Amino acid sequence: MTEIAVRDALRAQRIEVPSWAYGNSGTRFKVFSQPGVPRTPQEKIADAAQVHAFTGVAPIVSLHIPWDRVDDFAKLGSYAAEQGVRIGTINANVFQDDDYRLGSVTNPDPRIRRKALGHLLECVDIMDATGSADLKLWFSDGTNYPGQDDIRARQDRLAEALSATYDRLGDDQRMLLEYKFFEPAFYMTDVPDWGTAYAHCVRLGEKAQVVIDTGHHAPGTNIEFIVAFLLREGKLGAFDFNSRFYADDDLMVGAADPFQLFRIMHEIVRAGALRPDSGVNFMLDQCHNIEPKIPAQIRSVMNVQEATAKALLVDAEALAAAQAAGDVLGANGVLMDAYDTDVRPLLREVRADLGLDPEPMAAYARSGYAQRIAAERVGGQQAGWGA
Ligand code: LRH
Ligand code: MN
Ligand code: MN
């Protein structure tokens, strides 16, 4: 790729940020409060707009319903536009209601299944109001004990709810199905892996695609293989980026294993899937329990940009030649040369070209926004967990 093409690709890259990254969060042991956290969905959007203002590549905010419920979603969309961003993916939430103790759409009780489906359909109504194209579904459904419920019957119930929701989608709307190998269910999870999500999406049709949350795999899983496979099948809809050391840690993307992020982005670039019109949505799904939230989001966006820049620098011709020649060390060397490149100077130039400060972290710190929100906002909201 020419240097101009690399710069163009970096300028055109789009990263979607989650509204819940800006609220207070923690673990089941403790939710920590931070000064200045948002009290309303509007304030979350205002904070997200700061991330875009300093990085230039994050103009889209995901909402989570009911965490971000408002009376008038169209008006919230206009508010976002005033802040310089737009509302993106609508995330459904059927995991925080006592009724869902035995599952939501897979619950053995038809009344509870109807309630869960009602929420999914309501999320599509919200998408209509916000102009959102993507509905993201993650189900906490599963069982804790062998024999607790019928595994096959639960798959049937899941398929039924997905199909009813799929039928409600508009022509330009998609359903993105996210998997996770465990938690909160510990014995059996109804959508535990990409294969299960993929099989449901294939049956549903073109508007159903898989979400890869990078934190939702067993240790040692080769995530870039999943990326390559789903891209080849036209079934990769989106990422939920974050990083993990142990479980679903939701730490900053690129923090635990920047090399893995590079390998993922290499598959993306290899497939031409980086462009905003590729149909792959690059989202963050993170919580910042102990670090300040807006800078953590800025850092995360920068981490994705750095991995992307390195992936764009891979000498594709040299790699293909080494692969064709069976030159194992040569091929690996081509990849490592790109990974070992310091791309920070290049990204500073890309930001300068966009009319931005080349150092987003320092520029945000100097802006005084953190001090302003700490003074103005009293009684910030929890992100959603344990609420
Ligand atoms: C589940 C998950 C899913 C939820 C989000 C808050 O672990 O990754 O994407 O919507 O966390
Ligand atoms: Mn996720
Ligand atoms: Mn998760």
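**Figure 1. Strands E8 and E10 pair in parallel in the predicted model.** In this predicted model, strand E10 (residues 208–213) runs parallel to E8 and is joined to it by four bridges. One of the residue pairs is formed by leucine 177 and valine 210, the latter being the bridge partner in E10. Strand E8 also pairs with strand E6 (residues 134–138), again in the parallel sense, over five bridges. Here aspartate 134 has arginine 174 of E8 as its bridge partner.

Figure 2. A residue counts as buried when 20 or more other C-beta atoms lie within 10 Å of its own.

**Figure 3. Leucine 177 and the largest nonpolar core.** The largest nonpolar core contains 101 residues, and leucine 177 is among those with the most contacts inside it, together with Val61, Leu135, Leu137, Val210 and Ile212. Helix H9 (residues 293–312) supplies the largest share of this core, with ten residues. Which residues does leucine 177 touch, not counting residues up to four places away in sequence? The list consists of Leu137, Val191, Ala197, His200, Cys201, Ala208, Val210 and Val211. Val210 is also the bridge partner of leucine 177 in E10.

Figure 4. Strand E4 (residues 60–64) and E5 run parallel and are joined by four bridges. Valine 61 stands opposite isoleucine 87 in E5, and Val61 is also one of the residues with the most contacts inside the largest nonpolar core. Strand E5 (residues 86–91) is mostly covered, as five of its six residues are buried. The loop between E4 and helix H3 (73–83) holds proline 66. The peptide bond from isoleucine 65 to proline 66 is cis, with omega near 15°.

Figure 5. The residues around ligand 1 are Asn91, Trp138, Glu178, Lys180, Asp213, Asp240, Asp248 and Asp285. By class, this shell has six charged residues, one polar residue and one nonpolar residue.

**Figure 6. The loop between E8 and E9, with glutamate 183 and proline 184.** Glutamate 183 lies in the loop between E8 and E9. Proline 184 is found in this loop too, between strand E8 (174–178) and strand E9 (188–189). The two residues are joined by a cis peptide bond, with omega about 10°. Glutamate 183 has a positive phi of about 80° although it is not a glycine. Is glutamate 183 buried or exposed? With 12 other C-beta atoms within 10 Å, glutamate 183 is exposed.

**Figure 7. Aspartate 250 in the loop between E11 and H8.** Aspartate 250 sits in the loop between strand E11 (236–241) and helix H8 (258–270). Its phi is near 60°, a positive value in a residue other than glycine. Aspartate 250 counts as buried because it has 24 C-beta neighbours inside 10 Å.

**Figure 8. Leucine 102 and its surroundings.** The loop between E5 and helix H4 (110–130) contains leucine 102. With 17 C-beta neighbours inside 10 Å, leucine 102 counts as partly exposed. Leaving aside its neighbours within four places in sequence, leucine 102 is in contact with Asn107 and Pro108. Its C-alpha atom is 7.3 Å from that of threonine 143, a residue 41 places apart from it in sequence.

**Figure 9. The chain as the setting for the close-up views.** The chain has 14 helices and twelve strands. Its radius of gyration is 21 Å, close to the 21 Å that the globule rule gives for 387 residues, so the chain is as compact as a globular protein of that length. The C-alpha trace spans about 60 × 60 × 40 Å along its principal axes. Buried residues make up 46% of the 387 residues. Of the contacts between residues at least 6 apart in sequence, 78% join residues at least 24 apart.

Terms used: Residues numbered from 1 in each chain as written. Chains lettered and ligands numbered in written order. Predicted model: local features only at pLDDT ≥ 70, side-chain atom pairs only at ≥ 80, totals over all residues. Near = placed C-beta within 6 Å. Nonpolar A, V, L, I, M, F, W, Y, C, P; charged D, E, K, R; others polar. Core = buried A, V, L, I, M, F, W, Y, C linked by C-beta atoms within 7 Å. Helix = DSSP H or I, 4+ residues; strand = E, 2+ residues; numbered from the N terminus. Contact = placed C-beta atoms within 7 Å. Rg over C-alpha atoms; globule rule 2.2 N^0.38 Å. Pairing = 2+ DSSP bridges.
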